[in-house]
Amino acid sequence: MLESNYSMPTEFLLVGFTDYLPLRVTLFLVFLIVYTLTVVGNMGLIILVNIDSSLQTPMYYFLSNLSFLDISYSTAITPKMLLNFLTSRKIISLYGCALQMFFFACFADAECLVLAAMAYDRYAAICNQLLYPKLMSRKVCLFTVLAYFIGSVTSTVHVCLTFRLPFCASNIVNHFFCDIPPLLALLCADNHINGLVLFALCGFNQTSTFVVILISYFHILITLLSIKSSSGRSKTFSTCTSHLLAVTLFYGTLLFTYLRPTTSYSPNTDKVVALFYTVVLPMFNPIIYSFRNKDVKNALKNLLERNWIFT
């Protein structure tokens, strides 16, 4: 009799942000602009890295992968969110929900490893300049393949563990996309193991990559302090500022969201934080890496000048 209350729903109802239509239309327009800038900015950066020979280095190879990941996990969420702003019933199918969770978790986890690889690249370039080509030439492809492989494995584990358990009568997800914590709240069975796995996998991935970043920048700091010229220190450190800013914004929100006990989740707070790192932050990364990077600015300037000459 008790088991009759357990079921696997065919669809989920996403609560989203508001039911007030004028506000929903306003949010639709705002985030449509944000998503358009995200796609255009990141695609532009990918194209620029691939067509400009001066940017075809390990650092910019990782940057183009970062842009691809930003587009990917934003696309896994934003189009459906935009559609839900304009519909009265914000529905997503069971398989659509599982796929959304998989792709978001996959690309977000992969981004952690790419950011760590970029930190190691800065360490190798600054602290081991003579050995830099040898250190990075063999590891660029390895880092990239490892990032996508680990992202795929961890996201598969999360999806399988979440959707193997029965859901209660309610299929209302208090979020704007199928994230793991709000779905765990709908499970009727004991989700203690799921919570531990979420904490363990996210904790290991985010913490281990963050430790790699910290160690890399610790060595970079020691090297910077050994440079006697203040202009030399400033010039060397300027190659790291864009990456440091991106890491701070990305890891700050992820650590807050996924490395807390499930009992401390606050739906409204989590939705705002999730909105920042899933929709807004991917728009900022091209801006951060363009305006703070002379190589990218020079490559863009050269491209515009060539096009101007040909026109």
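How many nonpolar, polar and charged residues does the lining of the second largest cavity have? The first legend below takes up this point; the structure shown throughout is a predicted model.

**View 1. The second largest cavity and its lining residues.** By class, this lining has five nonpolar, four polar and two charged residues. The space in the second largest cavity is about 80 Å³. Its lining consists of Leu14, Gly16, Phe17, Thr18, Arg24, Met81, Asn84, Phe85, Lys90, His175 and Phe176. Helix α3, which spans residues 78-85, contributes the largest share of this lining, namely three residues. In total, four cavities of 30 Å³ or more are counted in the model.

**View 2. The packing of helix α4 against helix α11.** Helix α4 covers residues 94-127 and helix α11 covers residues 267-291; they pack at an angle of about 30°, and their axes lie 13 Å apart. Because angles under 35 degrees count as roughly parallel, α4 is described as roughly parallel to α11. The crossing of α4 past α11 is left-handed. On the α4 side the contact is made by Phe104, Glu111, Leu115 and Met118, and on the α11 side by Tyr277, Thr278, Asn285 and Tyr289. Five of the residues in this contact are nonpolar, two are polar and one is charged.

**View 3. The largest pocket and the residues nearest its centre.** The largest pocket holds about 610 Å³ of space. Its lining is formed by 20 residues, and those nearest the centre are Lys235, Thr236, Ser238, Thr239 and Asp295. At least two lining residues come from each of the helices α2 (58-75), α4, α9 (230-238) and α12 (294-310). When the lining of the largest pocket is sorted by class, six residues are nonpolar, eight are polar and six are charged.

**View 4. The second largest pocket and the helices that line it.** About 340 Å³ of space is found in the second largest pocket. Of the 16 residues that line this pocket, Gly41, Pro286, Ile287, Ser290 and Leu300 lie nearest its centre. Helices α1 (21-51), α11 and α12 each provide at least two residues of the lining. The greatest contribution is that of α1, with seven residues. The lining of the second largest pocket comprises 12 nonpolar residues, three polar residues and one charged residue.

Key
Residues numbered from 1 in each chain as written. Predicted model: local features only at pLDDT ≥ 70, side-chain atom pairs only at ≥ 80, totals over all residues. Heavy atoms only, no water. 1 Å grid on protein atoms, 1.4 Å probe; cavity = no way out; pocket = protein on both sides within 12 Å on 5 of 7 lines; lining within 4 Å. Points joined across faces, edges and corners; volume = space filled by probe spheres on them. Helix = DSSP H or I, 4+ residues; strand = E, 2+ residues; numbered from the N terminus. Nonpolar A, V, L, I, M, F, W, Y, C, P; charged D, E, K, R; others polar. Axes fitted to C-alpha atoms, helices over the stretch in contact; angles between N-to-C directions. Parallel < 35°, antiparallel > 145°, perpendicular 65-115°, else oblique. Left-handed = near helix turned anticlockwise from the far one by under 90°. Contact = heavy atoms within 4.5 Å.
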